[in-house]
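Work through the exercises below with the model open. Try each task before reading its solution.

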Amino acid sequence: MDSEYLEEVIHVDSLEDIVKATIDQPSIGLVYELGDNFYTLDSLFSFTRKGRRVVLLASRPGLNRALKELLKDRYIVVKREMKAVTYRSILLYFNATGRIHFSFSLHRLARFPAVVVAPNTSVKKTIMLMHENNSIAVGIRVRGKISKVLTIVDFLNYSLEKGYCNREILLDDTPVSRVRPIVIRDTRDLASNIPDALKRYGAALIQGNEEFLIDESSLRKYLIARISGNML
């Protein structure tokens, strides 16, 4: 992923396959082909809605075209290659090629944190907050520290285990702390190497006087800020 500005689209035949693919793959997918549609990871918790923010192209776009589509909040999928342009793929490419350096940009990334909630926050409220922020991950903060990080795949797995249909999870008042993490089992994995954590989990922890969780929604805001400030 780092040497080019596209990443793999994951083909699945069912929602259960998304969970299995996430466990089996070396990195969490951000775009899935399911049936005749393409779904972004941040749209999966609605389950019944068609995939959004996806533009299908026959051939690989140039970097400028890719950036323009991202600024319109749209991913590109190159159907022939089954690869996608995402905020993660672009920024990992920029980091690998020296256009930006995450190690020097952590304070800027921390300005765009992902959702963090208290452990007694309900599942339904947590998912709605993630939806409003286009987040793919959420942190659970206990006594000032992020003790657990859940992804949309964790909520999908939780929903499947509960036997929910369609949007029933959006009625679940269970405390979010009871959702079992299957993607990120140890939050320390998110803090040791920011690019590697983003590549593997789609999220990372920036640690300092305070902890900040970043995910794909953070990268979107960061990239827009960099471009609008002509800092790339």
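**Exercise 1. Decide whether Tyr5 and Tyr93 are buried or exposed, then classify their ring pair.**

Step 1. Tyr5 and Tyr93 are both buried. Buried means under 20% relative accessible area, exposed means over 50%, and partly exposed lies in between (1.4 Å probe, protein chains only). Tyr93 has 18% relative accessibility, so Tyr93 counts as buried.

Step 2. This is a predicted model: local features need pLDDT of at least 70, side-chain atom pairs count only at pLDDT 80 or more, and totals for chains, interfaces and linings use all residues. Residues are numbered from 1 along each chain as its sequence is written, and side-chain values use heavy atoms, leaving out hydrogens and water.

Step 3. Rings of Phe, Tyr and Trp (its six-membered ring) pair if their centres lie within 6.5 Å; planes under 30 degrees apart are stacked, over 60 edge-to-face, the rest tilted. The count comes to 4 aromatic pairs. In one of them, the ring centres of Tyr5 and Tyr93 are 5.4 Å apart and the planes meet at 70 degrees, so the pair is edge-to-face.

Step 4. Tyr5 lies in the segment before strand E1 (7-8), Tyr93 in helix H3, and 88 residues separate them. Helices (H or I, at least four residues) and strands (E, at least two) are DSSP runs, numbered from the N terminus.

**Exercise 2. Which residues does Ile90 touch, not counting residues up to four places away in sequence?**

Step 1. Apply the contact rule: heavy atoms within 4.5 Å. Ile90 touches Tyr5, Leu63, Ala66, Leu67, Leu70, Val85 and Leu223.

**Exercise 3. What is the strand order in the open sheet of 3 strands?**

Step 1. The order is E8-E9-E10, with mixed pairing. Strands pair if DSSP finds at least two bridges between them.

Step 2. Strand E8 (115-117) and strand E10 (145-151) each have a single partner strand, so one side of each lacks a neighbour in the sheet.
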